[in-house]
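Let's take a guided walk through this model together. Keep the sequence and the 3D view side by side as you read.

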Amino acid sequence: MESIARISSLLESARELTLDAASAARSARSSSKPLDRIQVKKLLDSRNEREVLDGLRRVISMMYRSQRTHPLFSSVVKNVASPNIEIKKLVYIYLIHHAEEDPDLALLSINTIQKSLSDSNPQVRALALRTMSNIRVPVISQIVSLAIKKGTGDINPYVRRAAALAVPKCYRLDPSQMPQLLEYLSTLLADKQYYVAGAAVTAFLDICPDRLDLIHKYYRQLVKMVVDMDEWSQLSTLRLMTVYARKCFPRRTRIVKAQNKAADLQDFYGDNAAANTNNDSEGHEIVVLDPDLELLLDSIKPLLQSRNSGVVVSVARCYDAVGTPDYVKTAIGPLIALLRGAQDIQQVALFNIVSICLTRPADFVRYASHFLVRATDTQPVWELKLELLTLIFPHAPPHVKSLVLNELEHFSRGTDKALVREAVRAIGRCAVTDTAAAPRCLRLLLSQITSLDGTLAAESLTVIRHLIQQDPTAHVATVVRLAKNLDSATDPHARATIIWLVGEFSGLNGEDNIAPDVLRILLKDFPSEAEIAKRQIILLGAKVYLHYLNRQIEASQTADGEPGPPPKLLEDDDHPIAKLWSYVILLARYDTSYDLRDRTRLYKALLGVPQLATLMLLAPKPAPQAQSPSEIRRGYTLGSSALVLADAAGVHGVRGYEDLPDWVEEGKQPDPRPRETGVPPTANYGEKRVVPALEILDGGSSRSVPTNANGLGEGVGTKTLDDWLAEEEDEGKKAVPLSAPVQRQVVEESEDEEEEEEETTEEDEEEEEEEEEEEEEEEEEDDEEEESSSEGGESDGDEAEDARLMGA
């Protein structure tokens, strides 16, 4: 009969679940049909929990659609005492939203919420604490503080975590509560549960990030628990530990001398003593890590396998900020693995990878294939990939260099103008950073100046100009070749670049230079040129005429070096170069551009003083440096938004960015003794240790170990419903309570046994005392007393033996 009753109860619970599902489906279908305020109020005042829940859902929906729900405040708040947790959640959401609008009515529900802090359900207690801290009414700040204090000492870790998250909210509500909040926070930081300690670290960073003295005692404990925390707590803990390491562990280094076996062998025979004295000062510098800092760096290493990309970047930031190059090298692989994620994750990961690659490019050579541009990459992604290819290019082996140049050549001939521009610029950076590959890069660029694509030709010529300026004397033939391609170059920027290069080389070889002839050809079609090309033609004419004047001045000087007669005036000079310059002046005088007319008048007046014109027009130009586009991001902290938005943040950067503190100086670091109270540094993660009873009670439900290899316990899924019911019946029979007479009889028997045992022990003690007395007594004692004592001892021994038998 009992099994039938159990089956009926199961059917009843299934019926209730079916009704709930039907009600939810009905409410979902009817949610589009709005109800007026009277009907919603009727649902809220109903005695049926389903109707109340439906009414609350409608109120929350109206609230988030910016409809007026304030008149329903009293009808909603009176349901705060409902035992249904779903109703409580919706009422708490409504209270948090309307508490600032009507604080007086919100205060009426504080008493009920306080009662929920003592509820037997830990979820209800945590929800009540979270709701009370979210009601932003300054009057209740002390009540919230007391609630946090009660939650801090709660036996359930879920409630303690809610108390930790409520600390910053209480601080923002009333900053004068800081002393009490620091006490609660110190208690929560010492919690043995990792999800409580993680929330406490987050609260610590919100209210008092500079109070690192609170962290000393719990440093090792937090370092050990960071691998078990949730992702948000891991991010907070890693940020805190990075700052803590900078402020508490000085940066120590030592010089390690290079070992030379051959020198040591010679030194053994005394042949190389002088050489060793010269090499004593040579060696390389290495970083000496503090044991606690090394504990941190080793403990966070498993986080490199985290599924959260932010955690991986945070570990890389910690290694880059406080670790050694070996630790940074271990973080490179996990950072490269983030490139398999979504486009936004790829972009953020690439910014951090480029930032590390600026200082350690050789470590990324082995991952060159991951930086090849794909067809699905967005523009920010392929821009960063091209930059990475150019950064690792000087450190790559020949086959990788060939691969990179082939990729860049392919993309330079594409259809996307932005990609073509960046590919050509990348080729130029490769040529600048690696002189051995510069000839190949130059040949590659020269083959593209005749392209019909104006963007490709213009960018190629700009890069060629930068390469020629690096070593002008070695590229005279290149300039001649470019001048021959003026007829085929159609892009105005490309033509202007070639004309500027011809003007820079117009002073070589005296009158045998090609510049005057190039100027003559360009002046034939001057009116049809673009304005940017016309500017360079006028500048070329001024430089050619200035070189002509300087040659005239040098030729007129006497043997003693005294200046000769001044050169002829422009109007009186019949030389072809002077005629060309006069023709340039005439063409520019009647041009429609006022900028060209002003430039021409300026050059004409300047050429009246050849010495000044030489200083202005023929001054040596510094070679342009093709820096990496991410040089402006150098120095920003990894994982920060300023690193991503550096080029768009302007001069002042991103508001709120804080750089990492400098390393603490030797001798000024805090006392390391408070850290000695925590976990010893020799205890590594995963090592077996004794589990305290509190941890067993707090996390006992989560320590059940499956017995089978598939993760399931024995017999899971093999028992039927009848087997379960039969087992419960057997357990019920075994647990049948004893009747009152039987219980009384058992109690009496146990009491008799205890009395007999007590009597037996007393008699044994008396026997020992009497034997001692017998040895000390003299022979003068009476024989009768001796016989009585011996008889009494025998009778007592018999009674003790009978009591033992009865007890057995």
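**A walk through the model**

Serine 66 sits in the loop between α3 (49-64) and α4 (73-77); helices (H or I, at least four residues) and strands (E, at least two) are DSSP runs, numbered from the N terminus. Serine 66 has a phi near 65 degrees, a positive value in a residue other than glycine. Most residues other than glycine have a negative phi. Serine 66 is also exposed, with a relative accessible area of 71%; buried means under 20% relative accessible area, exposed over 50%, and partly exposed in between (1.4 Å probe, protein chains only).

Before going further, a word on what you are looking at. This is a predicted model, in which local features need pLDDT of at least 70 and side-chain atom pairs count only at pLDDT 80 or more, while totals for chains, interfaces and linings use all residues. Residues are numbered from 1 along each chain as its sequence is written, and side-chain values use heavy atoms, with hydrogens and water left out.

Now step back to the whole chain. The protein chain has 37 helices and two strands. Of its 808 residues, 40% count as buried. The accessible surface of the protein chain is about 46,200 Å², and 52% of that belongs to carbon and sulfur atoms; such areas come from the Shrake-Rupley method with a 1.4 Å probe, and for residues only the protein chains shown count as cover. Among contacts (heavy atoms within 4.5 Å) with a separation of 6 or more, 67% link residues 24 or more positions apart.

How far can each part be trusted? The predictor's confidence in each residue is its pLDDT, from 0 to 100. The protein chain averages a pLDDT of 78, and 74% of the residues score at least 70. Over residues 679-717 the pLDDT stays under 50, and the model has 34 contacts beyond four places in sequence for them. Residues 779-808 also have a pLDDT below 50, with 17 contacts beyond near neighbours in sequence. Where pLDDT is low, the predicted coordinates should not be read in detail.

Next, follow the chain to a pair of helices. Helix α10 (residues 157-173) packs against helix α12 (residues 194-207) at an angle of about 5 degrees, with their axes 8 Å apart. Axes are lines fitted to C-alpha atoms, for helices over the stretch in contact, and angles run from 0 to 180 degrees between N-to-C directions.

Leucine 117, in the loop between α7 (110-116) and α8 (122-134), is buried with a relative accessible area of 12%. Beyond four places in sequence, leucine 117 touches Arg125, Ala128, Leu129, Met132, Ala147 and Lys150. Leucine 607 lies in the loop between α31 (594-606) and α32 and is buried, at 7% relative accessible area. Although leucine 607 and alanine 542 are 65 residues apart in sequence, they are 7.7 Å apart in space, C-alpha to C-alpha. Finally, threonine 637, in the loop between α32 (610-617) and α33 (641-644), is buried with a relative accessible area of 10%. Beyond its neighbours within four places in sequence, threonine 637 is in contact with Arg317, Leu643, Tyr657, Asp659 and Leu660.
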